[in-house]
There are 2 protein chains.
Amino acid sequence: MLLDMRDYYTPGEVAERFALTLDTLRYYEKAGLLRRVERSPSGHRRYRTDDVELLHLVRCLRDTDMPIARLRDFAELVRAGDHTVPDRVEVLQGHQRRLDERIAELRDRQAVIQHKIDYYLGVLAERTPEPVEETI
Amino acid sequence: MLLDMRDYYTPGEVAERFALTLDTLRYYEKAGLLRRVERSPSGHRRYRTDDVELLHLVRCLRDTDMPIARLRDFAELVRAGDHTVPDRVEVLQGHQRRLDERIAELRDRQAVIQHKIDYYLGVLAERTPEPVEETI
DNA sequence: ATGGGACCTGGAGTGCGCTCCAGGTCAAGG
DNA sequence: CCTTGACCTGGAGCGCACTCCAGGTCCCAT
């Protein structure tokens, strides 16, 4: 049962894993979100563990609306070497802060919307003046 | 001290109140998010309390990423009359549900990002092996 | 009467993040 | 040998939500 110990992943595998299209994957590379990915002799991409890990983070950051431009800046820090770790931390912490704010905003807006729903439900209750059912 | 009891608002006032541009305000009207707004004899828009209230809700829904198309559908329900209140409730409740999901997703992603931050902080701590300061 | 400011119109332009396409290469299986 | 499928390229196109613009009107204060 030949365990497949390849040390790389094909574009199809990576795309599926992160629920991205091949186009998006290539777009991210062009945009500088990934380093220039390795190739097989035939020119097909080979994603290394490093790429996949970075892509995992990229996915999280995109899912939370970090713009491509900021992601590229972050990726450049990664490529620049270990001495940029403090800068990377700062970028990520800034993002977390913005996320906290965004979540708080969503909650606030939700409250306003809930008021409207409750108002509507009140209107409905009035319109159908169903007698309160009493348990004897 | 002549209290200004106008029963309408100018475009400028409305735009400022909701932090929208005049262009966006007109765009929303064209897009069907507001009913065709009244005009002064000179052709300038006059927003009524109704418009302002709807716009307030529209603002909340846009701030929480409801697409323009769905907002237009909602606005059409509003225009269609009181019998659509149950439908409106359903639209709003559906949106609340999606918001709950979105918030949950943001939190999940935040956790992943926090792991990365912690990992980086670990790397940094190792690199500068500061002796633990002990309180005597 | 003149200048400024708020507003009007229709339509073009922008930025973002993909998404699609035509035409091509390569490797494996029947 | 031929087909199939996975992948390649550069570049065009798309959907969304605005945003900007030129050229115009109206009204009020100096």
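**Notebook: A:Arg88 and its chain**

I started with A:Arg88, which is buried and yet has no salt bridge. I looked for the nearest side chain of opposite charge and found A:Asp82, 4.4 Å away. I note here that the model is predicted.

Next I checked where the residue sits. A:Arg88 belongs to helix H5, which covers residues 85-127 of chain A.

Which residues does A:Arg88 touch, leaving out those up to four places away in sequence? I listed A:Phe74, A:Leu77, A:Val78, A:Gly81 and A:Asp82 from its own chain, plus B:Tyr120 from chain B.

Then I stepped back to the whole chain. I counted five helices and two strands in chain A. Reading along the sequence, I wrote the order down as α-α-β-β-α-α-α.

Chain A has a radius of gyration of 24 Å, whereas a compact globule of 136 residues would have one near 14 Å. Along the principal axes, its C-alpha atoms fill a box of roughly 80 × 45 × 30 Å.

How much of chain A is buried? I found 35% of its 136 residues. The accessible surface comes to about 8800 Å², and carbon and sulfur atoms hold 53% of that.

Two last entries. Of the chain A contacts between residues at least 6 apart in sequence, 48% join residues at least 24 apart. Chain A carries 23 positive and 26 negative charges, and their mean positions lie 8 Å apart.

Terms used. Residues are numbered from 1 along each chain as its sequence is written. Chains are lettered from A and ligands numbered from 1 in the order in which they are written. This is a predicted model: local features need pLDDT of at least 70, side-chain atom pairs count only at pLDDT 80 or more; totals for chains, interfaces and linings use all residues. Side-chain values use heavy atoms; hydrogens and water are left out. Helices (H or I, at least four residues) and strands (E, at least two) are DSSP runs, numbered from the N terminus. Buried means under 20% relative accessible area, exposed over 50%, partly exposed in between (1.4 Å probe, protein chains only). Lys and Arg count as positive and Asp and Glu as negative; His and the chain ends are not counted. A salt bridge is a side-chain nitrogen of Lys or Arg within 4 Å of a carboxyl oxygen of Asp or Glu. Contact means heavy atoms within 4.5 Å. The radius of gyration is taken over C-alpha atoms; the globule rule is 2.2 Å times the number of residues to the power 0.38. Accessible areas come from the Shrake-Rupley method with a 1.4 Å probe; for residues, only the protein chains shown count as cover. The place of a charge is taken as NZ of Lys, CZ of Arg, CG of Asp or CD of Glu.
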